[in-house]
Each structure stands twice: as C-alpha cells, then as structure tokens.
Amino acid sequence: MPYFGVIEQIWEVDYTEFRVPMFKCKWVNANTDVCQDELEFTLVDLNQVAYMDEPFIMAQQARQMFYVEDPCDSRYSVVLQGKPSGLNDTRDGSAVDICEAPPFSTRMPTINESHYVDDVHIN
C-alpha cells in the first residue's frame with residue numbers, strides 16, 4: 001500500500017562506520033484521506049495528519065511526488081509522480097525530465113486534432 005506525505009526534516013544517523021539518511025514525514029491517512037477521481041488521478045488531503053507515532057523512513061524507501069491543488073476541490077491535492085531517482089541512479093539526477101515521468105492519468109481524455117476548433121484565434 002502506498003503512503004503519501006510531506007518531508008518535514010532530513011536526518012542523518014551516524015553509525016561511525018557509515019551514515020544513513022532518514023526522512024521525518026507528515027503522513028496522510030492512506031485509508032481515509034486518499035482517493036481517486038473519475039479520471040483516476042490520486043487525490044490526497046494533506047491537512048489530515050496520521051501515523052504520528054512512526055514519522056521516519058529511510059531515504060531509499062522514498063519516491064519523489066509532487067502535489068498540485070485540485071482545481072475542483074481545494075481540500076485535496078493531486079498526486080503527480082516525477083521520474084524515478086535515487087541513490088542507485090548512475091546519471092546526474094539534478095534535472096527532472098518530464099518525458100521519463102509516468103503518465104498522470106490513464107483515463108485522460110485526448111484531443112482529436114482534426115476535430116479541434118481553436119475558437120480563441122478564429123478570425
């Protein structure tokens with residue numbers, strides 16, 4: 001089951017021989033505050049805090065997500081996933097390549113260009 005949240009702090013646990021990066025997160029309740037809309041976008045309510053007794057994960061367990069306010073209901077945020085990045089990448093992960101990102105929705109309507117009329121630029 002995926003968990004959604006926001007990183008509040010980044011910690012580094014020093015074991016002298018090695019270090020482990022950890023993220024302290026504010027989690028969303030995956031059972032009650034995560035849903036999907038009719039276009040199969042994942043929506044989360046970031047104002048609801050859950051799992052406060054277990055806020056930490058190791059950095060390697062995290063995946064980068066972006067949250068955009070849902071224009072239909074400001075209580076929710078739409079979850080968008082960036083390209084996979086992490087400690088095992090061989091390339092420089094400093095730039096996000098949107099072409100490598102997974103699709104936002106599998107049910108997103110497409111525009112048939114042959115039938116599309118741009119009424120804003122009609123003379």
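Author: Happy to! This is a predicted model, and its chain has seven strands and zero helices. Read from the N terminus, the elements run β-β-β-β-β-β-β. Of the 123 residues in the chain, 25% are buried. Among contacts between residues at least 6 apart in sequence, 41% join residues at least 24 apart. The chain exposes about 9,800 Å², and carbon and sulfur atoms supply 51% of that area.

Let us take the aromatic rings first. A search of the whole structure finds four aromatic pairs. One of them joins Y3 and W27: the ring centres are 6.3 Å apart and the planes stand at 70°, so this pair is edge-to-face. Y3 belongs to the segment before β1 (5-14), while W27 is in strand β2 (residues 19-27), so the pair links distant parts of the chain, 24 residues apart. How covered are the two partners? W27 is buried, with a relative accessible area of 11%, whereas Y3 is partly exposed at 45%.

Y3 also pairs with Y51, again edge-to-face, at 5.5 Å centre to centre and with 80° between the planes. Y51 sits in the loop between β4 (42-44) and β5 (56-58) and Y3 in the segment before β1, so this pair ties together parts that are 48 residues apart in sequence. Y51 is partly exposed, with 27% relative accessibility. Taken together, ring pairs link Y3, W27 and Y51 into a cluster.

Now for the charges. Side chains of opposite charge can pair when their charged atoms come close. Here the count comes to three salt bridges. R19 takes part in a salt bridge with E12, where the closest N and O atoms are 3.6 Å apart. R19 forms a salt bridge with D14 as well, with 3.8 Å between the closest N and O atoms. D14, at 48%, counts as partly exposed.

There is also a salt bridge between D73 and R75, whose closest N and O atoms are 3.6 Å apart. D73 is partly exposed at 28% relative accessibility, and R75 is partly exposed with a relative accessible area of 44%. Salt bridges that share partners join E12, D14 and R19 into one network.

Where is D70 found? It lies in the loop between β6 (65-69) and β7 (77-81). D70 is buried, yet it has no salt bridge. The nearest side chain of opposite charge is R75, 8.6 Å away, and a salt bridge here needs a nitrogen and a carboxyl oxygen within 4 Å, so R75 is not a salt-bridge partner for D70. R75 does have a salt bridge with D73. What is D70 in contact with, leaving aside its neighbours within four places in sequence? Those contacts are L43, Y76, S77 and V78.

How values were computed
Residues numbered from 1 in each chain as written. Heavy atoms only, no water. Helix = DSSP H or I, 4+ residues; strand = E, 2+ residues; numbered from the N terminus. Buried < 20%, exposed > 50% of the residue type's maximum accessible area, 1.4 Å probe, protein only. Lys, Arg positive; Asp, Glu negative; His and termini not counted. Contact = heavy atoms within 4.5 Å. Areas by Shrake-Rupley, 256 points an atom, 1.4 Å probe, with all protein chains shown as cover. Phe/Tyr/Trp six-rings, centres within 6.5 Å; stacked < 30°, edge-to-face > 60°.
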